[in-house]
Amino acid sequence: MPRVAIFPGSFDPMTNAHLDVARRAAQLFDRLVVAVLHNPKKAPLFTVDERVALIEACVAGLGDHVSVAGFDGLTVEFARRQGATFLVRGLRATSDFEAELQMAHTNRKLAPEIDTTFLMTALEFGYLSSTLTKEVWRFGGDVEPMVPGPVAEALARRAPA
Ligand code: PNS
């Protein structure tokens with residue numbers, strides 16, 4: 001049975017920490033789908049379509065078994081539609097743990113056949129978040145060390161509101 005995993009998130013935008021997790025998960029699973037949540041409650045910087053295109057550019061070198069898709073609704077329902085039995089999440093610090101634990105248990109209750117796996121974010125990217133990256137960008141700071149090239153270029157093309 002091929003091991004299929006979903007790496008779900010907002011990815012607004014993808015950071016080097018996300019890409020590092022995607023790269024490592026791509027080595028662990030037979031198929032990996034990076035899944036971008038369409039969350040109508042949030043006002044994102046990039047649309048889901050823009051984020052999907054940016055992530056596609058970022059993961060281009062990871063192999064044909066890695067794909068990117070947008071989704072609505074429950075992550076586990078999207079995972080089921082993809083035939084996935086694993087979710088992948090990155091953990092940066094203990095501060096992430098509580099929310100991730102709650103999410104993992106909720107998802108397990110909803111879909112006992114799907115397990116959440118955690119990868120520790122690489123030490124050099126442990127400080128990164130999409131939110132702080134956007135803040136640095138809004139105030140004109142250098143975001144190049146924080147995000148993959150395609151994202152840095154997209155941010156450079158966009159004027160902060
Ligand atoms: O990058 P994020 O914002 O930390 O990702 C959070 C995400 C998208 C994984 C989570 O909010 C999610 O799975 N949302 C979809 C709705 C859902 O399935 N909720 C129940 C899981 S607790």
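Which pocket is the space taken by the ligand? In this predicted model, the space taken by the ligand is the largest pocket. The close-up views below start there and then turn to single residues of the chain.

**View 1. Residues around the ligand.** The shell around the ligand holds Gly9, Ser10, Leu37, Gly73, Leu74, Thr75, Arg89, Met103 and Asn107. Sorted by class, this shell has 3 nonpolar, 5 polar and 1 charged residues.

**View 2. Side-chain polar atoms at the ligand.** Three of the residues around the ligand, Ser10, Thr75 and Arg89, are shown with their side chains. For serine 10, a polar side-chain atom lies 2.6 Å from an oxygen atom of the ligand. For threonine 75, an N or O atom of the side chain is 2.5 Å from an oxygen atom of the ligand. The side chain of arginine 89 has an N or O atom 2.9 Å from an oxygen atom of the ligand. The ligand taken alone exposes 550 Å², and 71% of that is buried by the protein.

View 3. Most residues other than glycine have a negative phi, and most peptide bonds are trans. Phenylalanine 11 is not a glycine, yet its phi is positive, about 50°. The peptide bond joining aspartate 12 and proline 13 is cis, with omega about 0°. Phenylalanine 11 counts as buried because its relative accessibility is 3%, under the 20% limit.

**View 4. Methionine 14 in the loop between S1 and H1.** Methionine 14 has its place in the loop between strand S1 (4-9) and helix H1 (16-28). Its relative accessibility is 2%, so methionine 14 counts as buried. Proline 150 is 136 residues away from methionine 14 along the chain, and the C-alpha atoms of the two are separated by 9.6 Å.

**View 5. Valine 68 in strand S3.** Valine 68 is located in strand S3, which covers residues 66-71. Is valine 68 buried or exposed? With a relative accessibility of 11%, valine 68 counts as buried. Valine 68 and isoleucine 6 are 62 residues apart along the chain, and 9.5 Å separates their C-alpha atoms.

**View 6. Leucine 119 in strand S5.** Strand S5, residues 115-120, contains leucine 119. Leucine 119 is buried, because its relative accessible area is 14% and the limit for that class is under 20%.

Note on methods. Residues numbered from 1 in each chain as written. Predicted model: local features only at pLDDT ≥ 70, side-chain atom pairs only at ≥ 80, totals over all residues. Heavy atoms only, no water. Near = heavy atom within 4 Å. Polar contact = N/O pair within 3.5 Å; in protein donor to acceptor, adjacent residues only side chain to side chain. Areas by Shrake-Rupley, 256 points an atom, 1.4 Å probe, with all protein chains shown as cover. 1 Å grid on protein atoms, 1.4 Å probe; cavity = no way out; pocket = protein on both sides within 12 Å on 5 of 7 lines; lining within 4 Å. Sits in = over half its atoms within 2 Å of the grid points. Nonpolar A, V, L, I, M, F, W, Y, C, P; charged D, E, K, R; others polar. Helix = DSSP H or I, 4+ residues; strand = E, 2+ residues; numbered from the N terminus. Buried < 20%, exposed > 50% of the residue type's maximum accessible area, 1.4 Å probe, protein only.
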